[in-house]
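Me: I would like to go through the terms used for this model and see what each rests on. Please set each value against its cut-off.

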Amino acid sequence: MDLLDSSYWHNIHAVLGAIDQDIAGLYTETGIEGVRTRFVGPLISINRFGPMTIRRLADRWDVSHSAMSQTVAAMRTAGLVENAPAAPGVDARTRPVQLTGRSRELIPFLEAEWRATELTVRELDAELPYPLSRVADDLAALLKRRSFAERLRGNLS
């Protein structure tokens with residue numbers, strides 16, 4: 001078999017994509033527009049802990065500064081976050097963002113959806129013969145011993 005005809009983890013990506021679409025569909029059903037699933041965690045964090053810088057959000061969600069910067073920009077465009085009032089001596093690049101009135105109104109639903117999603121995922125995980133959470137932990141341990149990049153380079157030769 002030619003590996004160009006393969007996408008070994010396609011099914012995993014497809015399942016995760018379908019779950020994400022189902023969550024987004026719930027937002028549409030309830031009349032919530034402009035909220036992407038990737039916004040919800042950061043919005044809840046800002047609600048729980050107050051205005052946060054992009055760096056702090058990125059660290060909290062274990063993503064790159066660039067990825068969180070793009071997410072915050074998209075949330076700003078959707079009217080969900082805005083710059084917090086500037087503290088003396090704080091430059092614009094490190095200015096925290098805060099929720100807007102619109103996002104504060106959405107928070108009770110978004111928190112309820114987050115909890116329901118976590119419960120649903122845990123139920124699914126418990127039904128699997130080999131829980132996905134264990135797969136992720138085992139895969140992370142393998143990659144800690146030898147990174148994906150090292151393995152990939154080894155297979156290029």
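Predicted model: local features only at pLDDT ≥ 70, side-chain atom pairs only at ≥ 80, totals over all residues.

Me: What is the confidence of the chain?
Reply: pLDDT is the predictor's confidence in each residue, from 0 to 100. The chain has a mean of 94, and 97% of its residues reach 70 or more. Helix α2 has the highest confidence, at 98.

Me: Why is Thr-71 called buried?
Reply: Buried means under 20% relative accessible area, with exposed over 50% and partly exposed in between (1.4 Å probe, protein chains only). Thr-71 has a relative accessible area of 7% and is therefore buried. Thr-71 lies in helix α4 (residues 65-77). Leaving aside neighbours within four places in sequence, Thr-71 is in contact (heavy atoms within 4.5 Å) with Arg-38 and Phe-39.

Me: Which residues of α2 are buried, and what covers them?
Reply: Those buried in α2 include Phe-39, Val-40, Leu-43 and Ile-44. The cover includes α1, α3, α4, β1, β2 and α5. Helices (H or I, at least four residues) and strands (E, at least two) are DSSP runs, numbered from the N terminus.

Me: What makes α2 and α3 roughly perpendicular?
Reply: Axes are lines fitted to C-alpha atoms, for helices over the stretch in contact, with angles from 0 to 180 degrees between N-to-C directions. Under 35 degrees counts as roughly parallel, over 145 as roughly antiparallel, 65 to 115 as roughly perpendicular and the rest as oblique. The axes of α2 (residues 37-49) and α3 (residues 54-61) come within 11 Å and cross at roughly 115°, and the two helices are therefore roughly perpendicular to each other.

Me: How does α2 cross α5?
Reply: Their axes come within 10 Å and cross at roughly 115°. That makes α2 roughly perpendicular to α5. The contact is made by residues including Val-40 and Leu-43 of α2 and Ile-107 and Trp-114 of α5.

Me: Which hand does each crossing have?
Reply: A crossing is left-handed if the near helix is turned anticlockwise from the far one by less than a right angle, and right-handed if clockwise. The crossing of α2 and α3 is right-handed, and that of α2 and α5 is left-handed.

Technical notes:
Residues numbered from 1 in each chain as written. Heavy atoms only, no water.
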